[in-house]
Amino acid sequence: MANTTGSWLREPIREDVADLWRLHEVHCTADTEFQRMLIARTRLGVTLFCDDNPQSAECGQLAFHEAELIPAALLAEQVRRVLVIGCSEGPVPQIAAELGAERVDHVDIDPECVRLCADHLPFGYTPEDVKRAEHWEGPVRLHYADGADFVAEALRRGDSYDVIVLDLPEEDQDSTEGYNAMYGQEFFETYRRLLTPGGVLSTHVSRPHLSFPTAETADSLRRPWQQLGRTFDTRVFFRSTEQPWAAIMIGSPTRRADPVRRMRERLAEIDYTPRTIDAEELRGATYLPLALR
């Protein structure tokens with residue numbers, strides 16, 4: 001069960017900070033093989049919590065998921081093959097398919113979580129979508145696997161992707177176990193090897209509003225930015241003005257003198273019309289914070 005007191009959930013953020021979530025109606029609780037799940041109605045609509053951490057909410061989820069994929073897709077040379085690691089709810093793979101991707105490999109370690117999300121969330125996959133993706137009927141292919149194992153096997157096969165999206169749980173900087181290893185420098189270099197020459201990696205940053213500018217927390221923002229700089233020739237920071245959770249860093253092995261201009265120009269060319277990102281949002285949301293400048 002989730003860590004609740006009556007109708008409240010306490011979300012620990014760091015040692016001195018916690019959020020309280022009022023749960024108006026609990027839809028589902030489950031202890032899967034990998035995590036503790038809770039789906040409940042909050043002030044933000046139906047909300048998914050994993051290990052007491054909010055993953056997405058009905059109000060704001062589209063802004064978050066578009067931020068994870070759209071800027072990267074606009075920077076990429078093409079969007080034919082997409083790899084999504086995480087995102088049990090399914091919106092990012094669905095948006096990739098709407099963008100015209102011919103193949104979207106969606107990797108999630110927890111099949112029970114994916115299926116419960118489809119059953120109870122009013123966004124993302126439906127149960128029918130999951131069944132089709134599990135049987136590879138259409139562009140989206142569901143793989144229930146550890147993301148690191150899938151990446152290693154994809155490299156052995158010689159696969160490559162135009163866009164890779166990491167929608168993993170928030171990083172625990174005190175651990176290198178499990179999914180935390182996928183935030184490390186070694187994996188950033190591995191993702192580069194898995195990208196096509198004009199490909200793009202997209203990863204979100206945990207709690208950006210708590211990452212400035214104290215010495216204790218700034219590293220959670222600066223370290224991934226520095227890792228991108230050591231690994232990729234082009235970097236872009238995107239912080240949605242619509243969704244405070246959506247701070248995204250993207251990197252590409254292709255050097256571009258003005259990546260934001262390219263993204264703004266390509267916005268009118270893609271087959272998908274974002275509802276939370278337009279040309280002006282791309283201009284303002286990509287302004288690099290002072291802590292990174």
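Me: Is Thr-276 buried or exposed in this predicted model?
Reply: Thr-276 lies in the loop between α8 (259-266) and α9 (279-285). Its relative accessible area is 18%. Buried means under 20% relative accessible area, so Thr-276 is buried.

Me: With which side chain does the side chain of Thr-276 make a polar contact?
Reply: Not counting residues up to four places away in sequence, Thr-276 touches Leu-62, Ala-63, Glu-66, Glu-242 and Glu-281. At a distance of 2.5 Å, the side chain of Thr-276 makes a polar contact with the side chain of Glu-66.

Me: Is Tyr-191 buried or exposed?
Reply: Tyr-191 sits in helix α6, which covers residues 185-194. Its relative accessibility is 0%. Buried means under 20%, so Tyr-191 counts as buried.

Me: How many Å apart in space are Tyr-191 and Thr-231, C-alpha to C-alpha?
Reply: In sequence, Tyr-191 and Thr-231 are 40 residues apart. From C-alpha to C-alpha, the distance in space is 9.3 Å.

Me: What percentage of the residues in the protein chain is buried?
Reply: The protein chain has nine helices and 14 strands. It has 293 residues, and the buried share of them is 56%.

Me: Which strands are the edge strands of the open sheet of seven strands?
Reply: The order in this sheet is β10-β9-β8-β11-β12-β14-β13, and the pairing is mixed. An edge strand pairs on one side only. The edge strands are β10 (140-144) and β13 (234-239).

Me: What angle does the direction of helix α5 make with that of β8?
Reply: Neighbouring strands of the seven-stranded sheet are turned by 15° against each other on average, direction ignored. Helix α5 (residues 147-157) packs on this sheet and touches β8 (81-86), β9 (103-108), β10 and β11 (161-167). The direction of α5 makes an angle with that of β8 of about 155°.

Me: What is the bridge partner of Thr-203 in β14?
Reply: Strand β12 (residues 195-204) and strand β14 (residues 247-252) run antiparallel and are joined by four bridges. In β14, Thr-203 has as its bridge partner Met-249.

Me: How many residues lie between β2 and β3 in their hairpin?
Reply: Strand β2 (residues 8-14) pairs with strand β3 (residues 17-22) in the antiparallel sense, over six bridges. One of the bridge pairs is Trp-8 with Arg-22 in β3. Between the strands of this hairpin, the number of residues is two.

Me: Which strands are the edge strands of the open sheet of four strands?
Reply: This sheet has the order β4-β5-β6-β7, with antiparallel pairing. Its twist averages 20° from one strand to the next. The strands that pair on one side only are β4 (25-31) and β7 (53-57).

Me: What is the bridge partner of Thr-47 in β7?
Reply: Four bridges join β6 (residues 45-50) to β7, and the two strands run antiparallel. In β7, Thr-47 is partnered by Ala-57.

Me: What angle does the direction of α3 make with that of β5?
Reply: Helix α3 packs on the four-stranded sheet, where it touches β4, β5 (36-42) and β6. The angle between the directions of α3 and β5 is about 15°.

Me: How many charged residues does the contact of α3 with α4 have?
Reply: Helix α3 (residues 111-120) and helix α4 (residues 127-134) pack at about 145°, with their axes 8 Å apart. Val-114, Arg-115, Ala-118 and Asp-119 of α3 meet Pro-127, Val-130 and Glu-134 of α4. By class, the contact has four nonpolar residues and no polar ones, and the number of charged residues is three.

Notes
Residues numbered from 1 in each chain as written. Predicted model: local features only at pLDDT ≥ 70, side-chain atom pairs only at ≥ 80, totals over all residues. Heavy atoms only, no water. Pairing = 2+ DSSP bridges. Axes fitted to C-alpha atoms, helices over the stretch in contact; angles between N-to-C directions. Contact = heavy atoms within 4.5 Å. Nonpolar A, V, L, I, M, F, W, Y, C, P; charged D, E, K, R; others polar. Buried < 20%, exposed > 50% of the residue type's maximum accessible area, 1.4 Å probe, protein only. Polar contact = N/O pair within 3.5 Å; in protein donor to acceptor, adjacent residues only side chain to side chain.
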